[in-house]
Amino acid sequence: MIQPAQVPLAPRAHHMLARYGLAAKVSPRDSEWPSSTSMFEENPSQPPITSLAVAENSLLSSPLLEKICHNFQMTPEHLKYRPALINSEHTNLTKTMPTFLNNTLKPSCPIAVHHILMGPGVGCMLSHLLWSLCSPGEGVVLTCPFYADYDKNITWPSEARFVPVDVPSSVDTLSCDVLPIIEQTLRNPLNRAKVLLLTNPHNPLARAYPEEVIKGYAALAEEFNIHLIVDEVFANQVFPSKYAPNPTPFKSILSFPPSTLSCNPSRIHVLAGPSKDLGASGVKIGCLISQNNPDLLLAVASGMSVTPLSSASDAVFSSLLNLENGKFIEEYLDENRRVLSGAFELLGRWCEAHGLDFVKSEAGVFSLVDFAPFVERMEGDLPLQFKVESMIEELKKGGVILRSSTAFRDPTPTRLRVVFSSPAHVMKEAFHRIETALNLPHVILNDESTCDI
């Protein structure tokens with residue numbers, strides 16, 4: 001039999017495959033998003049896998065689904081192209097999203113519908129935005145550690161260049177001490193800086209930025225004549241806990257009166273949306289807010305026609321945001337912060353029982369946990385990074401997926417990012433599997449703030 005010739009891919013496709021290690025087929029067990037139905041067809045005796053590697057929040061999935069199923073409604077206009085829905089009398093996100101964003105970001109100038117573009121996810125909106133801001137090879141600057149998928153959003157499709165700012169472990173990345181380090185990177189002409197990217201609250205450091213640091217970022221954008229993008233997708237997920245009873249409050253860059261920022265407001269663009277806040281990452285809604293650059297919004301909108309917002313997603317979120325005149329959302333977000341606090345404290349108690357250092361998270365759904373004591377137990381005279389990878393592989397075999405923080409360019413190579421926003425019984429089972437895989441004593445996490453070994 002004659003085998004058909006493989007049609008060659010474009011050079012940029014081969015570049016993406018090489019850059020992100022996708023040339024080899026990834027098995028379900030190696031994925032961070034394991035299938036629940038066909039995970040272990042090769043070896044059914046292996047335990048169903050639990051992923052603590054993906055920043056998803058399932059703590060309130062059941063009550064959220066109940067509300068969605070009870071209130072979800074589609075009309076004939078939802079089955080047509082998007083203008084039919086937007087121009088209809090039916091509730092849609094062009095009517096409800098400005099209220100949500102104003103309540104969340106508390107801007108000094110109210111956000112109006114003509115300040116917003118919406119699409120299928122914040123990552124998608126970032127890619128479209130950079131397509132309009134950057135020419136191929138121009139730099140997008142952000143500090144380390146960082147959300148790993150930014151690299152892909154920066155590279156594709158704009159062909160901009162990711163410029164990481166390595167911050168020494170002795171420097172707090174969320175303090176003013178980082179500003180001179182960023183400035184040095186911006187001054188390097190080889191970096192061709194065009195955009196400065198800030199994540200507030202930070203992923204993966206799980207804290208909001210102090211006001212003076214946000215102002216410092218804005219001043220740098222003005223000084224170097226570049227754009228400032230602020231990703232505020234975790235805005236509603238700042239919470240207190242016994243480990244951080246007084247978290248740094250979230251403050252949107254849009255909440256600063258323009259006169260208090262040393263930056264032309266046309267340079268400032270914000271990414272936000274309800275998907276992460278509501279624990280519904282799969283119902284993708286991302287917003288780009290740019291209040292003082294209408295030409296940019298027109299340019300981005302022209303490209304959004306290839307990736308329009310789904311009317312089904314619109315129906316889900318517009319019904320939730322409009323429910324009980326916004327009262328449901330307010331109560332849901334309060335409850336979400338409460339359960340996130342409890343979930344983080346559960347992780348903290350487990351870390352303390354095993355003597356592990358961990359980031360005292362104040363926002364988001366994750367914490368960086370230093371597994372150094374466990375890495376040291378790995379057999380073999382191997383370099384440190386190989387020991388970390390060996391440990392992660394043992395955890396996979398034991399039914400738990402975790403991600404090394406080196407994927408985020410973390411200066412502490414023994415840390416893993418642990419997502420703690422699964423129900424308590426799932427987290428306890430994951431902890432048990434980690435202990436079994438690494439031959440550790442089993443910790444019994446009681447309902448109270450105690451634990452037994």
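Which helix holds both phenylalanine 328 and tyrosine 332, and how many residues apart do they lie?

1. Both residues lie in helix α11, 4 residues apart, which is about one turn of the helix. Helices are DSSP runs of H or I with at least four residues, and strands are runs of E with at least two, numbered from the N terminus.

2. The model is predicted, so local features need pLDDT of at least 70 and side-chain atom pairs pLDDT 80 or more, while totals for chains, interfaces and linings use all residues. Residues are numbered from 1 along each chain as its sequence is written, and side-chain values use heavy atoms, without hydrogens and water.

3. Aromatic pairs number 13, where rings of Phe, Tyr and Trp (its six-membered ring) pair if their centres lie within 6.5 Å; planes under 30 degrees apart are stacked, over 60 edge-to-face and the rest tilted. For tyrosine 243 and phenylalanine 358 the centres are 5.3 Å apart and the planes at 90 degrees, so this pair is edge-to-face. Tyrosine 243 lies in the loop between β6 and β7, and phenylalanine 358 in the loop between α11 and β9, so the pair ties together parts 115 residues apart in sequence. Tyrosine 243 and phenylalanine 358 are both buried (under 20% relative accessible area, with exposed over 50% and partly exposed in between; 1.4 Å probe, protein chains only).

4. The rings of phenylalanine 328 and tyrosine 332 have centres 5.7 Å apart and planes at 45 degrees, so the pair is tilted. Phenylalanine 328 is buried, as is tyrosine 332.

5. Ring pairs also link Phe239, Tyr243, Phe344, Phe358 and Phe420 into a cluster.
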